Amino acid sequence: MLVGFLVVFGLFDAALALAVVRTGPGPGPKTLLPLHPVAGSFVPDATQLQECTDERCFQQAFGNIAYRDGPKAAFALIGTVYGDGGGTSCHRAAHAVGAASLARFRGSVERTLAEGSSECGSGYYHGVLERSLVGVKKRTPDTLGRAVRTLCDQALSRETPWVAYSCLHGVGHGLMIATGLSLPLSLAACNRLATWWESDACKGGVFMENLQSSYGFRSRWLRDDDPVYPCNAVASENKKRCYQMVTSRILPLVGDDWERTGEVCSRVEPDFVSWCFWSFGRDASSRSSRNPAETARTCAIAKRFGGEGECLVGAAMDVVQNFASGPRARLLCEVVRSELRADCFYGIGTVLGRFRKTAEARERDCRALVATSPLVDACVRGGRSTALRG
């Protein structure tokens, strides 16, 4: 109950969030495990990677490496334990790397962000940004907005849109954590950011934290009798980001039935059906461990609901987001029917475009992926749709 009380009031200075989880494989004993150490609270010790067999040990070991040798050294080794980095364990470890790096750089958020990596679902950025909001004592849209408004300035001015996007997405997670999972307050704070692009990226983090709390607590902005909520209740300008991940809520509530999930998507608010099927594709990709053939088969289920193309957009986006790789996502496009490939390459472009600052560079990346002009055009259009803008 103490931890729940701390979360409700956003008081993370007092303790690390804990949850009862298994610390090893099989049905063994459970223990209290810090799901995500609050960045900046990291304390190095003598733990070494080679001696670890459970999550808590791995988190500490990777944190030790980041603290002593820098985050790049930690991420150079993280694949030896977590493979492609798509799982929640890798995400937790990346949080620990962010926490340790912030301690290494003596609390400098800008320096820490500049040294970061988007591996393991950008857990590094989430960890760093969460800490930045711990000290905000008065929680109103204006005070929180002022606190976050400059956090990503360096990334926005000097780095690629991908780093800026990851930073702002982390701000969204941090706002939810700092406000005790207050969805309306967090969205209002995102709206205090300087541009639509910044606000939109921030809202993605807000809705992800609402859906899958970093600290293992259920948001009150979820309803078991309405799998689409809160997407159908928030203001229109907030709906897109919510619907873009809504199937991660729908699937568990319908027994992981893809048919029923497609049916739900087909019946959401008309302007957001496509976004729901993008989410369908994101989950099809992640649940198949980004296996191209299996992902394509799951997306084919959406065909009867008119969502197969949108499913492939979301699936391609998921692959690029998790591997920072256009060629890896191209494998998906190569296994689908020819009439669907433009959708797939559009999805690649929407994320791939964030790795470059100019339209010319984005087009070069698309041409390096595929030679067919209509598919190049689809990739370029995707990059243009998510380009950093005011």
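Visitor: Let's start with one cysteine: is Cys167 buried or exposed?

Guide: Keep in mind that this is a predicted model. Buried means under 20% relative accessible area. Cys167 has a relative accessible area of 1%, so Cys167 is buried.

Visitor: And which residue does a disulfide join to Cys167?

Guide: Look at the loop between helix H7 (141-149) and helix H8 (153-158), while Cys167 itself sits in helix H9; the two linked cysteines are 15 residues apart. The S to S distance is 2.0 Å, and the link is left-handed, with -90° about the S-S bond.

Visitor: Which helices does the disulfide of Cys333 and Cys344 tie together?

Guide: The sulfurs of Cys333 and Cys344 are 2.1 Å apart, and the link is left-handed at -85°. Cys333 lies within residues 326-335 and Cys344 within 341-352, so the pair ties together parts 11 residues apart in sequence. Those parts are helix H18 and helix H19.

Visitor: How many disulfides does a search of the whole structure find?

Guide: Cys265 to Cys276 is another disulfide, with S to S at 2.0 Å, and both of its cysteines are buried. Searching the whole structure brings the count to nine.

Technical notes
Residues numbered from 1 in each chain as written. Predicted model: local features only at pLDDT ≥ 70, side-chain atom pairs only at ≥ 80, totals over all residues. Heavy atoms only, no water. Disulfide = S-S within 2.5 Å. Helix = DSSP H or I, 4+ residues; strand = E, 2+ residues; numbered from the N terminus. Buried < 20%, exposed > 50% of the residue type's maximum accessible area, 1.4 Å probe, protein only.
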